[in-house]
Amino acid sequence: MLIIPTVEIGGYAARCVSHFDTSKLYPYVIQSTFILIAPVLFAASIYMTLGRIIRLANGEHFAIVPVKWLTTIFVTGDIFAFIVQASGAGLMTTDGNMSLGEKVIIAGLGIQIVMFSLFIVTAGIFHLRFHRLSVGAVAGDPTCWKPSLYMLYAVSLLILVR
């Protein structure tokens, strides 16, 4: 779990280096890549957490996405968004493509926001279904998984705002 903050800190360190020496390309590429990949790694850990919460609550039949596909679907979307963003960063390093590269990066960020928003909706639908349909028949220990779900919402909001 320490890899994710290390990647982000490394990205910001490379940003400091590239700020003081704008003639070097490598610090710029490193900062762009590391700062773009850190949220993808944070999101992947959140996707896995939701799957574990659903299993802990014995609520797999309340999820709109099968738990075995949950992480795969959302991580694949984030990887696609990252590839689009990396392509934009690559375009920015070639002559005359700065504007196009910026637009491609923004499109990749848009894809990432859409995927993460769909994830939050998926978590919310599970929570609503579980709460409404399991009244009287508690599956799993709600004192164990509900605080984790609220933590997931809070962390998701922080990632989305970031």
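**A salt bridge and its setting**

Mentor: The part you ask about is formed by R55 and E60, whose side chains meet in a salt bridge with an N to O distance of 3.7 Å. The term requires a side-chain nitrogen of Lys or Arg within 4 Å of a carboxyl oxygen of Asp or Glu. The structure holds one such salt bridge. This is a predicted model, in which local features need pLDDT of at least 70 and side-chain atom pairs count only at pLDDT 80 or more, while totals for chains, interfaces and linings use all residues. Residues are numbered from 1 along each chain as its sequence is written, and side-chain values use heavy atoms, with hydrogens and water left out.

Both partners have an intermediate accessibility. R55 is partly exposed because its relative accessibility is 45%, and E60 is partly exposed because its value is 41%. On this scale, buried means under 20% relative accessible area, exposed means over 50%, and partly exposed lies in between (1.4 Å probe, protein chains only).

L2 is in the segment before α1 and counts as exposed, because its relative accessibility is 69%.

N58 is not a glycine, yet its phi is positive, at about 55°. Most residues other than glycine have a negative phi, and most peptide bonds are trans. With a relative accessibility of 49%, N58 counts as partly exposed.

Helix α2 comprises residues 26–56, and Y26 is in this helix. Y26 is exposed, because its relative accessible area is 67%. Together with I30 and F34, Y26 forms a nonpolar surface patch with about 330 Å² of accessible area. Patches are built from residues with over 30% relative accessible area and no salt bridge, nonpolar side chains (Val, Leu, Ile, Met, Phe, Trp, Tyr) being joined within 5 Å and like charges within 9 Å. The areas come from the Shrake-Rupley method with a 1.4 Å probe, and for residues only the protein chains shown count as cover.

Elsewhere, S18 in helix α1 (residues 3–20) is in contact with P27, Y28 and Q31, its neighbours within four places in sequence being left aside. Contact means heavy atoms within 4.5 Å. S18 counts as buried, because its relative accessibility is 12%.

T71, in helix α3, touches Y47 and M48 once neighbours within four places in sequence are left aside. The C-alpha atoms of T71 and S45 are 8.8 Å apart, although 26 residues separate them in sequence. At 24% relative accessible area, T71 is partly exposed.

I111 belongs to helix α4 (residues 98–133). Not counting residues up to four places away in sequence, I111 touches G77, F80, A81 and V84. Its relative accessibility of 25% places I111 among partly exposed residues. The C-alpha atoms of I111 and C144 are 33 Å apart, with a separation of 33 residues along the chain.

Helix α5 (residues 142–161) contains P147, which is partly exposed at 48%. P147 and D95 are 52 residues apart along the chain, and their C-alpha atoms are separated by 51 Å.

Finally, the chain as a whole. It has five helices and zero strands, and the C-alpha trace spans about 65 × 30 × 25 Å along its principal axes. Of its 162 residues, 37% count as buried. Among contacts between residues at least 6 apart in sequence, 69% join residues at least 24 apart. The chain exposes about 9,500 Å², of which carbon and sulfur atoms supply 72%. It carries 10 positive and 7 negative side chains, and the centres of the two sets lie 10 Å apart. For that count, Lys and Arg are positive and Asp and Glu negative, with His and the chain ends not counted; each charge is placed at NZ of Lys, CZ of Arg, CG of Asp or CD of Glu.

Notes: Helices (H or I, at least four residues) and strands (E, at least two) are DSSP runs, numbered from the N terminus.
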